[in-house]
Each structure stands twice: as structure tokens, then as C-alpha cells.
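Hi,

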Amino acid sequence: MNINTTKVISLLFFIFSAFYLHTAYQIQVFSFDENAPFNARTFPIYLGYAGLFFSGLKLILPDPNTIKVQHKTLEYKKTAILIVIAIIYGATILKVGYFLTTSIFLFSSFYFLGERRWVLMFLLSFPFVAAFMYLLHGVLDIYLRDPFLQSIGVMG
Amino acid sequence: MIEGILIGLTTALTLQNILMVMLGCFFGTIIGMLPGLGPMTAIALMIPITYGFDPATGLILMAGVYYGAVFGGSTSSILLNAPGVPGTVATSFDGYPMAQQGKAGKALAIAAWSSFAGGTLSAIYLLFMAPSLSKVSLSFRSPDYFALMILGLTAIAAFSSKGQFLKAMMMVVLGLMLASVGQDSLSDITRFTFNNMNLTDGISFVLVVMATFAMSEALTIILKRNDPTSAAKQVSLTELGSIKINKEERTKMYKTIPRSSVIGFLIGVLPGAGATIASFLAYGMERNIVNDEEKEKFGKGSVNGLSAPETANNAACSGSFVPMLTLGIPGSGTTAVMLGALLGFGVQPGPRLYMTNPEIFWSIIMSMYIGMVILLILNLPLIPYIARILAVPKNYLIPLILFFSITGIYVMSFNNFDIYLMIGIAVVATFLRLYDFPMPPLILAFVLGGLMEENLRRSLLLSNGSWEFLWDRALTACILLTTILIVIWHVYKTMFKNTKT
């Protein structure tokens, strides 16, 4: 059976809108605001109904411009690896610090995308991040916390 | 006005600001030349850097990036037949055939001069139109603003959806939903935070822009195995030919530029329309106006056919600043990003901007002239070399885009929750892009969400909960009627297409 993915996305959006609408009705407002013409839940409620309306229309109306994506040609593996590297980057940046995590993030991204010119990979990661960090920290005065550089005495 | 121009010139002509325009134009040209990476991505990547400057300088930098990106898009259209941005597709119709005939240098020069003239003329229109429109818009009330925002969102959905109006409207609603996360502006009641303290202040605008544009574009390039830099490797430094334009060609351009700049500017002012529609309309109009002999040359390297869309797309860029500067309502995705950045600076654009922050208002207008001059004298001779810079392999380009996106978010909040949220939104946006769900309506809706709720709140409270405010004033009713006509037109078009299918 051929499933129209746009319709599936519309169905997911319909369910999401229903959940949003349900949550909107649960927003706690002050008792004196309960019957006011407008309170904190009014706008979200309208949005919930708008979401149901548009996704519902998309679901029931015929879709002449069906988008067919050739999944076999898509590069899922490399995309997933990049996303995982980014998540690991997010998980370690506060504990390890900006310099080391960012440099490793760049170096590993180059590697997993197929790059093997080691010197260029190194230059575009560690020294590049150091220069960028100097620009942010030293020139633009944007404070960057870095436990690693602090531990080796490079940063105060 | 003279005083304003002098204020603008004083601000824009400082060494720092001239340097920013130059940097912006250069950086924008590089990003704009890469197919798929348009002005919105370029500006999004710049936002975190601009927060280190004062608002006028930050805005000047972003305006430079905007013009540079449009100019860069034209270059890749002419040299590679690979338009960097949709607004320069029409440029490739005659620019690329001209380049194939060995006249790439001439085509680039025609495009550069047309862009310069279009941008300069439209900046003059803006100079006169913006203050007058600001005065008129002072009489606007909350219902009018609410109706205008509905019109802006409907229009951008209609124009950016490529016939998929409902998809675009779903993106509008999603943008508004994302904007509703966090504390309610009046009562401070938290909404949709699910007891997560990180969401109490809402989702950062920069995060959403970075995720839906910079990061998701980088992921899309990998996912689709595109290589935006591959085409640049084909550019030969020796095959560009002369950049001189002869008298006959100049005469043709003198006629084309004024009319194309007017149409470009007017289309740019309309909410949601922008450079793409302006350039196609100008191309079509020019083709109908010229004589039969010239008409034959269209599509084969016509000077008029190249000059018209180039003039119009630059004029539309300036035009799109009009609703943002005068009403505080952006007319395009790109100006929505700039509006978000302005709000981040604590500056509220709108009819009072040119009174409360004249240096910002006028320096943006003045920096447009300066940007145009810099694009002309700096970029034209450097284009072949810039094109070579683009031959940086994708394996380096993509991680660097991701790096700038993540760093941009990290230096703003120093919170890894924002990084996770950005990755999550980017993954969803990448998936939605695969199925042609447009992102500009989402960004515009996200930026306007808070303002829209505020104006609806005031309107409903003043009318005691009645929706009559929508037709009480003639102006509100007219704006809403226009919105309804746009919706009916699109529903009709969809139904008609379905019937034919």
C-alpha cells in the first residue's frame, strides 16, 4: 500500500493540535480572569482550533501535488551520525568546556563526512576554534566558561 | 528629513559601520552564492555576532549581509545556472546564456550595475515613503494591527507555498504555537512549559531561526547528498571575458532600470511577496514592453532580460523594509529575522521608530546606499576569486555551519538545553522540508506571535469580548477583506487544479 507521507504529517499535526488545544484548556488562570474577554488561555485555544482546521482540511482534501521522496537515495547514516555528534557536543560542553568540545566536534564531523586530510582537519578544528574563541572572549568580550582551559591554567 | 539623513549618514559613515557593511556584503555574497543557503541563513548566522554591537551597527551588518546574499545569488545564477536564492532564478534566464557565449564578465557587470541602480532608486523611494507611511500608521489601532498581521501571515503563506497553501498555513500555526511557549506577557502565567524551567522565558527567536534555517539546511544538504560547492569548482578565472558595457547596452539598461525598480519596490512593500515574485514580474513585463526584435533575444542572452529581474529583486529587498520599519510588521522571512534581531536589541520597530530611534531608522536607509556602492566596487572585480573560495569541500562547509549555529545559541544562554532543543527543532524542520513544508511562514509567525496576541488582547478587551472590532473600522475591514480574497483565491486555485487533475 502506498502511504501519502504528507497526509501522515497532516495527521500528526492534527493530533499535535488536539494535544495543544487540550493543554491550552488546562492553563491555570487567575480566578478574577476566568471570565474575562481575554486571558492567558484565549489565544492558545484559538491556535489549537486553527491547527485542527488547517491540518483537517489538508487531510480530507485531495492532494494532487504528492511529494515523492526517494528514500533510498537519502544519506540517513551520515545525517544521524552528525546529529548524534551534536547531541554529545551539547552534553559535554558545560562540563569539559568550549575549546576542547568544539574542536573535537569539528574534527569528528569532518572525519565522519569522509574527510581524511589530517593536517587540514586539525587546522580547521583546534587552531580555528582557538582563534574564534579569542575573537569572542578577547575581542567581543563574550565570556566563555571553560573548565578544561582553566584546569591547565590557560584561562583565569 | 534632511536632519534625519544627516543623522543616518553620521552613524553609517563611522569607520566601524563602513567596515561592517563591507564585511556583511562580503560574507553575504559568499553565502548567497551557495545554492540552498540564502539570505535568511546568512543573517541568522550573523545574529549572535551582532549582539556584541549597538543596534544600529548590528542592523547595518545584517543589511549588508542581505544585499550581499542577493548579489551572490545572482552571480551563481549567471556563472553556474544554479541560483543561490529563489529571487535570482529569473536572472539565470538570460544571464547564463550570456555567460555561455563567453560574456560572463559582461553579464556580471550588467547584473551589478542593475542591482546597484535598482537598490539605489528603491532606497530613494524608501527615503520618501517610510516617514510618510510612519505618520499614516500612527493612526493605526490594535484591531488594524491585528488585521495587518493576519494579512501578512496569510500573504506569506500564499506566496511562499508554491501552490501548497494549506501546508504553509500549518507552518504559520506551528510558528504561533511555538511563540506561545513560556510566560504570558501580561499575567506572567506559564504556558506549555511542562514544569521545565528552561522554557519559562519562552523559546529564543535566534534558536528557532538557526534551527529551521542554518542547521536544517546543513542537514538537508547531507541528507540529499547535495554539494552546493561543486558547481563553484567549474568557474574558470580566465573565461569571464570583459566587464565593459557598450553604449547600446547602456541605452537598453537606462530604459529598463527605472520601470523595473518601481515594480520591484512596490512588490517588495507588499507583505509576503518579495524578490522572487518581483523579479519574475519585472522579467515578464519587460518582455511584453520591448520590441519584437529584442523579444526574440529573451532567453538567449538579452540585456533587458538580465537587467530587469536584477533591478527588481534588489528594489524588492529595499521595499520589504518599508512594512518592517513603519509598521513593525515584516513583509518577508528575511525582514522577519531582522525584526527578531531588533527586538533582541530592545528596539521596537513601528511608526514611532523614526522618532524614538532616528539613528537606527536613518542609518539603515543610508547604509543601503553605502552597501550598494561597496557591492559594486568591491565585489565586481573580486567575483571570480570569491567563486573560487566557494570551492571549499562540503565536508568542511557543513560542520562549520553547524559549529556557527550551535556556538551562536550557546554564547547567548550558556545552557545545553537550548542546544538539544535546537537539534530537535532542526531535525523536525529537515523532515518537513523534505515534504515541501515552507519555513519562512513559520519564522514570520513566530516573530509576530507575541505582538499578535497583544493586539488581539487589547482589541477584545476594548470591545468587551465582541469580535465586532474586526469590521467596526473601515480600515480593519478593508485589510481583512484583502486577506479573505487571498484565501478565496488560493482555495479556488487549489480546487480548480484538483478538478483538472
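The crossing of α8(B) and α18(B) is right-handed (left-handed would mean that the near helix is turned anticlockwise from the far one by less than a right angle, right-handed that it is turned clockwise). Bear in mind that this is a predicted model, where local features need pLDDT of at least 70, side-chain atom pairs count only at pLDDT 80 or more, and totals for chains, interfaces and linings use all residues. Residues are numbered from 1 along each chain as its sequence is written, with chains lettered from A and ligands numbered from 1 in the order in which they are written.

Back to that pair: helix α8 (residues 205-223) and helix α18 (residues 416-434), both in chain B, have axes that come within 8 Å and cross at roughly 55°. That makes α8(B) oblique to α18(B). For the cut-offs, under 35 degrees is roughly parallel, over 145 roughly antiparallel, 65 to 115 roughly perpendicular, and the rest oblique. Axes are lines fitted to C-alpha atoms, for helices over the stretch in contact, and angles run from 0 to 180 degrees between N-to-C directions. Helices (H or I, at least four residues) and strands (E, at least two) are DSSP runs, numbered from the N terminus.

Residues that meet here include B:Leu207, B:Met215 and B:Leu223 from α8(B), and B:Leu421, B:Ile425 and B:Arg433 from α18(B); contact means C-beta atoms, placed from the backbone, within 7 Å. The contact divides into twelve nonpolar, four polar and two charged residues. Nonpolar covers Ala, Val, Leu, Ile, Met, Phe, Trp, Tyr, Cys and Pro, charged covers Asp, Glu, Lys and Arg, and the others, Gly among them, are polar.

Another pair in chain B is α10 (residues 275-289) with α12 (residues 303-319), packed at about 145° with axes 8 Å apart. α10(B) passes α12(B) in a right-handed crossing. Among the residues that meet are B:Tyr283 and B:Glu286 in α10(B), and B:Pro309 and B:Cys317 in α12(B). That contact has ten nonpolar, five polar and two charged residues.

As for chain B overall, there are 21 helices and two strands.

Now chain A, which has seven helices and zero strands. The radius of gyration of chain A is 25 Å, well over the 15 Å that the rule gives for 156 residues, so chain A is more spread out than a compact globule. Chain A is divided into domain 1 (5-68) and domain 2 (73-151), with bounds from an automatic or database domain assignment. The domain centres, over C-alpha atoms, are 39 Å apart.

In chain A, α1 (residues 5-26) and α2 (residues 42-60) pack at about 160°, axes 8 Å apart. They are therefore roughly antiparallel to each other, and their crossing is left-handed.

Finally, where do the chains touch? The contact takes 50 residues from chain B and 56 residues from chain A. On the chain B side, elements giving two or more residues include α7 (165-179), α8 and α18. The largest share, ten residues, comes from α17(B). By class, that side has 29 nonpolar, twelve polar and nine charged residues.

Cheers

Terms used:
Contact = placed C-beta atoms within 7 Å. Rg over C-alpha atoms; globule rule 2.2 N^0.38 Å.
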